[in-house]
Amino acid sequence: MENIIQDIDIVDRNSHEASETVQTTVEENTGKTKKLYIESYGCQMNFADSEIVSSIMKDNGYDTTSDFESADVVFLNTCSIREKAEQTVRKRLGQFNKVKENKPEMTIGVLGCMAERLKEKLLDEEKIVDVVVGPDAYRDLPKLVESAEEGLKAVNTFLSREETYADIAPVRLNSNGVSAFISIMRGCDNMCSFCVVPFTRGRERSRDPHSIVREAQDLFDKGYREVTLLGQNVDSYKWSEDENNKAWLEKKERKGETVQVINFANLLEMVAKVSPDLRVRFSTSHPKDITDEVLHTMKKYENICKYIHLPAQSGNSRVLEMMNRTYSREWYINRVDAIRAILGQECGISSDMITGFCTETEEEHQDTLSLMDYVKYDFSYMFFYSERPGTLAAKKYEDDIPLEVKKRRLQEVIAKQQESSLERNKLDIGQVQKVLIEGTSKRSEEQLQGRNSANKVVIFDKGVHQKGEYVNVMIEDCTTATLFGSVIS
Ligand code: SAH
Ligand code: SF4
Ligand code: F3S
């Protein structure tokens, strides 16, 4: 019953512009009367949420299907991060419309960030949509679907300060059975000026650490060998046994009272202790919050993977200030130096970059390229700036960089990344690395693929090995995106 989701196009490490990743449910028959199809867009948090949604719907009489035409209920779990992400969803709704013409009883729901951003407006703009449900209101889905079945369109975009779905056991959508996501927090309080997430996901809140450890243990017992702890800003994870209320915690701290809190470094350690054979990854680290304590905890546990996604966005301090990232180029470089000092050269570092943010000059763009030269990222997600309605940047600044300039700068950033990916991958050649096998290689049935600690894909001949095993691989060759080698033990 594990594989209820398939990746149509798993994060394509060769594609440099945004991961236009889509996940859909797969066929599952446990004798339930109704069929649910979910298509998920956007970030890993959305994919993790679709697992919660599947679980809620399963408890209410739905099996999943891979074929939307045969579904009673179709959900699109959507993303608003860039304009293009929303356009993709609108196109998809157009395709669903054709099917619904012959099957009017089909219920169509829009979930996730676009639902939260547009609310009931979506019902006016997209006539085909029956329910609109924001990321904190999924417990209400069965009721809303029922209402739609009775002919009443339904909307719930209430954002909560508490909801973490901690008690809901996600139906694992992850198709490899080796690696799973665990949401450890929701929302974001950072207000980067370009970003829509604080509006679509609401206030930041951390999830009970004991429920996180239980989930990790349960996954390990079921044969999973890797968990990725997810949050928009995992380094600001904070939990008090007394009361999990961020405002309350902050008030106490302001008053100088000592509050016993579990921070992200503590949580990492708790999850790492589940088993030395369970790999622990996490994403995303905000450069303003990542502490040396986290880096030392990573060093202490072999099973905490040596890989940090540390989005810089820009290499220029003036642009960073306009972006409201609350760190400077120097601060960022200091954090990279700390990673190298504590974890060494082998720790993987990746980034997100935005080109052509409001008022960015050619020199400032050059600062992004020079930062990339300094850090030598293993990998980056790179985008040109896309203005999002309602964000601070949309209100305060003019989106004044012409599209061709944004795109040309993006190409330069991509070319720079290609160079450093290759350079970094070449450093792995000749090394023996521990790889967790995730399954058959996409290129050949005779080969397996897995990842090393630094999150790089490694491909090697199958031999007697299978997914879920750890193997030591001698790295012999590489491209910009992949390492190739042979198993030595
Ligand atoms: N919480 C993460 C980012 C989540 S959004 C962090 O703070 O790093 C993922 C990425 O999308 C961002 O890092 C940013 O590079 C990109 N992004 C967000 N808003 C964007 C916009 N308006 N235009 C272009 N890219 C954007
Ligand atoms: Fe958006 Fe900034 Fe929050 Fe990341 S930290 S989700 S970029 S507001
Ligand atoms: Fe997109 Fe929402 Fe994630 S806007 S990137 S799905 S938090």
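**Contacts and geometry in a predicted model**

Student: What makes the pair formed by a polar side-chain atom of Arg325 and an oxygen atom of ligand 1 a polar contact?

Tutor: In this predicted model, the polar side-chain atom of Arg325 lies 3.0 Å from an oxygen atom of ligand 1. A pair of N or O atoms counts as a polar contact within 3.5 Å, so this pair qualifies.

Student: Which residues contribute a polar side-chain atom or a backbone atom close to a nitrogen atom of ligand 1?

Tutor: A polar side-chain atom of Gln232 lies 2.9 Å from a nitrogen atom of ligand 1. From Ser386, a backbone N or O atom lies 2.7 Å from a nitrogen atom of the ligand. The protein covers 90% of the 540 Å² of accessible area that ligand 1 has on its own.

Student: Which elements give two or more residues to the shell around ligand 1?

Tutor: They are strand E17 (348-355) and strand E18 (379-384). Of the 15 residues around ligand 1, those that come nearest are Gln232, Pro311, Gln313, Asp352 and Ser386. By class, this shell has seven nonpolar, four polar and four charged residues.

Student: Which residues surround ligand 2?

Tutor: Ligand 2 is surrounded by Cys188, Asn190, Met191, Cys192, Phe194, Cys195, Val197, Pro198, Gln232, His286 and Arg325. The shell divides into seven nonpolar, three polar and one charged residues.

Student: Why are helices H1 and H5 called roughly perpendicular to each other?

Tutor: Helix H1 (residues 44-58) and helix H5 (residues 141-149) pack at an angle of about 65°, with their axes 9 Å apart. Angles of 65 to 115 degrees count as roughly perpendicular, and H1 and H5 are therefore placed in that class.

Student: What residues meet where H1 packs on H5?

Tutor: Val53, Ile56 and Met57 in H1 meet Leu141, Pro142 and Val145 in H5. The residues of this contact comprise six nonpolar, no polar and no charged.

Student: What is the value of omega for the peptide bond that joins Ser283 and Thr284?

Tutor: Omega is about 10°, and the bond is cis. Thr284 is found in the loop between strand E15 (279-283) and helix H10 (292-300).

Student: What is the phi value of Thr326, and where does this residue lie?

Tutor: Phi of Thr326 is near 65°, a positive value in a residue other than glycine. Thr326 lies in the loop between helix H11 (317-322) and helix H12 (329-343).

Terms used:
Residues numbered from 1 in each chain as written. Chains lettered and ligands numbered in written order. Predicted model: local features only at pLDDT ≥ 70, side-chain atom pairs only at ≥ 80, totals over all residues. Heavy atoms only, no water. Near = heavy atom within 4 Å. Polar contact = N/O pair within 3.5 Å; in protein donor to acceptor, adjacent residues only side chain to side chain. Areas by Shrake-Rupley, 256 points an atom, 1.4 Å probe, with all protein chains shown as cover. Helix = DSSP H or I, 4+ residues; strand = E, 2+ residues; numbered from the N terminus. Nonpolar A, V, L, I, M, F, W, Y, C, P; charged D, E, K, R; others polar. Axes fitted to C-alpha atoms, helices over the stretch in contact; angles between N-to-C directions. Parallel < 35°, antiparallel > 145°, perpendicular 65-115°, else oblique. Contact = heavy atoms within 4.5 Å.
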